Amino acid sequence: MLQVSDIDTYYGNIQALWGVSLRIDEAEIVALVGANGAGKTTLLNTVSGLLHPASGRIEFCGKRIDGMAAYAIVQLGMSHIPEGRRLFPDMSTRENLQLGAYPRRLWKHKEKTLEEVYKIFPILKEKESQLARTLSGGEQQMVAIGRGLMSMPRLCIIDEPSSGLAPVVVDEIFQIILRLRNEDIGIFLVEQNVQQTLEIADRAYVLENGRITLGGESKELLQQEVIRKAYLGL
Amino acid sequence: MDIARVISKRSSALWAPFLILILLASLPLCAPQYTIILLTTIFMYIVITVSWTMFSGPTGYISLAPAAFFGVGVYTSALLGLVLPLPAIIGIGGLASFCLALFVGALTLRLRGTYFVMFTFGLVELLLHFVLWWEVNITGTTGRVVPTVNNTKVFYFMLIIFVILMFALYTIRGSRFGLALEAIGQNEDAAAHTGVNVTMVKVITFAISAFFMGAAGALMATRWTYIDPKIAFNPLLSFMPVLMAIFGGMGQLYGPIIGAAIFAYLEEFLITRFPYYYMLIFGTIMVIAIVYMPEGLVGLIRRLLKSSTEGRHART
C-alpha cells in the first residue's frame with residue numbers, strides 16, 4: 001500500500017534522512033523505533049506531505065505522492081495523527097472530530113462517520129460538547145485518533161500516542177490500535193515504548209541518525225541482541 | 001425557564017436586528033442631515049471593523065492592511081466617478097481590493113505572527129508612496145476631485161454594504177469553511193494535518209474581507225469631494241478597526257459592531273468638543289478599556305449578566 005524508496009530529506013542544508021526505504025502492506029501494523037533525534041517525525045512528515053524529499057520516491061495505493069501537498073494526500077486515504085495530539089483547544093470534541101472529515105467528499109458523510117468513531121470511543125460521545133482543552137490526556141489522545149479516523153483512512157500514521165499518558169491509558173490506546181488493524185486499516189506507528197510496540201506490531205524498522213539500520217518481523221527483532229541492548233535495556 | 005419565554009427569546013433574537021434595520025432605513029425621512037452624515041461615518045467604521053474581524057478574529061493574524069484596501073476603493077471612486085454609476089463604482093472598488101488581497105495574501109500568508117503584521121502595514125505605506133510618486137512624476141498633479149453624491153444615498157448604500165457583510169459573515173460562520181478558519185487560528189499545523197488547505201482558506205477569507213473595505217472606501221470617497229494619497233491611505237484607518245474590535249470584544253458577532261459604533265461616536269464627540277486634546281483623551285480611554293475589560297464590552301456584558309443571574313439563583 002505504501003512504498004517509500006530511497007528518500008533523502010533536508011532541513012535547509014542539513015540532511016535529516018539518508019536513503020530511507022520501507023513498505024507497509026494492507027491492514028498491517030508497522031512500527032518505527034529509534035532514539036530521540038533519529039529522524040522519526042521527519043520521516044512521518046515526509047510521508048504525509050508536510051515535508052518534501054529532495055530525492056527518492058513515495059507511492060501510496062499506486063500513486064506517486066512525494067511532492068503532493070498534505071491536504072491532497074489526506075484525500076487519498078492517509079491520515080497523520082501528530083505527536084503531542086495537536087487538538088483545537090477551544091473547540092468542542094465534536095467540532096474537533098468533524099474537522100477530520102474536512103475533505104469535501106467526506107464532509108457529506110460526517111454524521112455517519114462520527115457515529116462509527118463514537119462506537120470505538122464511547123466516552124467521546126458523552127463529552128462531545130466539552131472543549132478539547134478540558135479533556136484528560138487520554139481522552140485528548142482519543143480525540144486525536146478519532147479525528148484521524150474521520151477521514152476514513154486506509155493508512156493511519158500515529159506519532160507517539162503514548163507520550164504523557166498513564167500506563168493503564170497506554171494499554172487502552174494500544175488495544176484500540178489493534179482493533180483498527182482488525183478493521184483493515186494499516187498502521188504506521190512511531191513509539192518510544194519499544195517493548196510494547198514491538199509486541200503489537202507485525203513488522204518494524206529501526207531508524208538511527210536518519211538511516212534505516214534494521215528491519216523485519218517484530219518478533220524476530222525482539223530477540224535480537226542489538227535491540228535488546230539499545231532499546232530494551234536488557 | 002418556561003417554554004413561552006424560550007420562544008419569545010428566540011424570536012426576539014431574530015427580529016431585533018430587522019427592527020433596528022428598518023428603523024435605521026427610515027431615519028432619513030425625519031432626522032437632520034448631520035445625523036445622517038454621522039451615522040454614515042459610524043457605519044463605515046462598523047463595516048471596516050467587522051470585515052477586519054472576519055479574517056483576523058478567527059485566525060489570529062493581525063492585519064494592518066485595512067487602510068490599503070480602503071484606499072484602493074477610494075482611488076477607484078476617484079478614477080471612475082464621472083464615468084460609471086455609483087453601484088458599479090462600489091462593486092469595482094471592492095473587486096479591486098479583493099484582487100489586491102488575493103495577490104498579497106498568496107505572497108504573505110505563509111508568514112506568521114509579527115512578520116505578517118509588519119508586512120501588511122508596509123503595504124499601506126507602499127501604496128501611499130507609490131501613488132504619490134505616480135501623481136508627482138507621471139500625471140503631474142497630486143490629488144483628485146471626486147464627484148459628490150447626495151448624503152442620504154451614501155447612507156443607504158453604506159447600510160446595504162453592511163447588510164451584505166453581515167450576511168456573508170453569518171454564512172461563513174456556520175459553514176465547513178468557517179470551521180476550518182477557526183481551526184487555523186487554534187492550531188494551524190493541526191489544521192494542515194487534518195486536510196485543510198490552510199493557505200487557500202486564509203487567502204480567500206482575507207480577500208473577502210478586503211472586498212468590503214474596498215467597497216466602503218469607494219463609497220466614502222464621494223463624501224470628501226477632494227482626495228489625495230495621504231487622505232486615501234490614512235494609516236489611522238489600519239489601527240482603528242483593531243482598536244474598535246478589541247474594545248467591543250471579538251468573541252461574539254455583535255462585539256465589533258458595538259465597539260465600532262461607540263468608538264466612532266466617541267471620536268466625533270471628542271473632536272467637536274476637545275479639538276486639541278481629543279487624541280489624548282481617546283488614548284486614555286483605550287488604555288483604561290484594555291486594562292479593565294480584557295475581553296472588551298462583550299466580556300463585560302457577559303460578566304454582568306452572569307453575576308445578575310447568579311444573584312437571582314442565590315435568592316430563590
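Leu189(A) touches Ile29(A), Ala31(A), Ile158(A), Ile177(A), Thr197(A) and Ala201(A), leaving out residues up to four places away in sequence. This is a predicted model. Leu189(A) is also among the residues with the most contacts inside the largest nonpolar core.

- The largest nonpolar core has 76 residues.
- Its residues with the most contacts inside it include Ala31(A), Ile157(A) and Ile187(A) from chain A.
- Ala180(B) and Val196(B), from chain B, are on that list too.

**A look at Phe211(B)**
- Phe211(B) sits in helix α9 of chain B, which spans residues 198-224.
- Is Phe211(B) buried or exposed? Phe211(B) is buried, because 25 other C-beta atoms lie within 10 Å, and the cut-off for buried is 20 or more.
- Which residues does Phe211(B) contact, leaving aside its neighbours within four places in sequence? They are Gly94(B), Ser97(B) and Phe98(B).
- Phe211(B) and Ala96(B) are 115 residues apart along the chain, yet their C-alpha atoms are separated by 7.6 Å.

**Where chain B meets chain A**
- At this interface, 15 residues of chain B are in contact with 22 residues of chain A.
- On the chain B side, the elements that give two or more residues are α7 (176-186) and α8 (188-193).
- The largest share of that side comes from α7(B), with 6 residues.
- By type, the chain B residues that touch chain A divide into 6 nonpolar, 6 polar and 3 charged.

Technical notes
Residues numbered from 1 in each chain as written. Chains lettered and ligands numbered in written order. Predicted model: local features only at pLDDT ≥ 70, side-chain atom pairs only at ≥ 80, totals over all residues. Core = buried A, V, L, I, M, F, W, Y, C linked by C-beta atoms within 7 Å. Buried ≥ 20, exposed ≤ 12 C-beta atoms within 10 Å, placed from the backbone. Contact = placed C-beta atoms within 7 Å. Helix = DSSP H or I, 4+ residues; strand = E, 2+ residues; numbered from the N terminus. Nonpolar A, V, L, I, M, F, W, Y, C, P; charged D, E, K, R; others polar.
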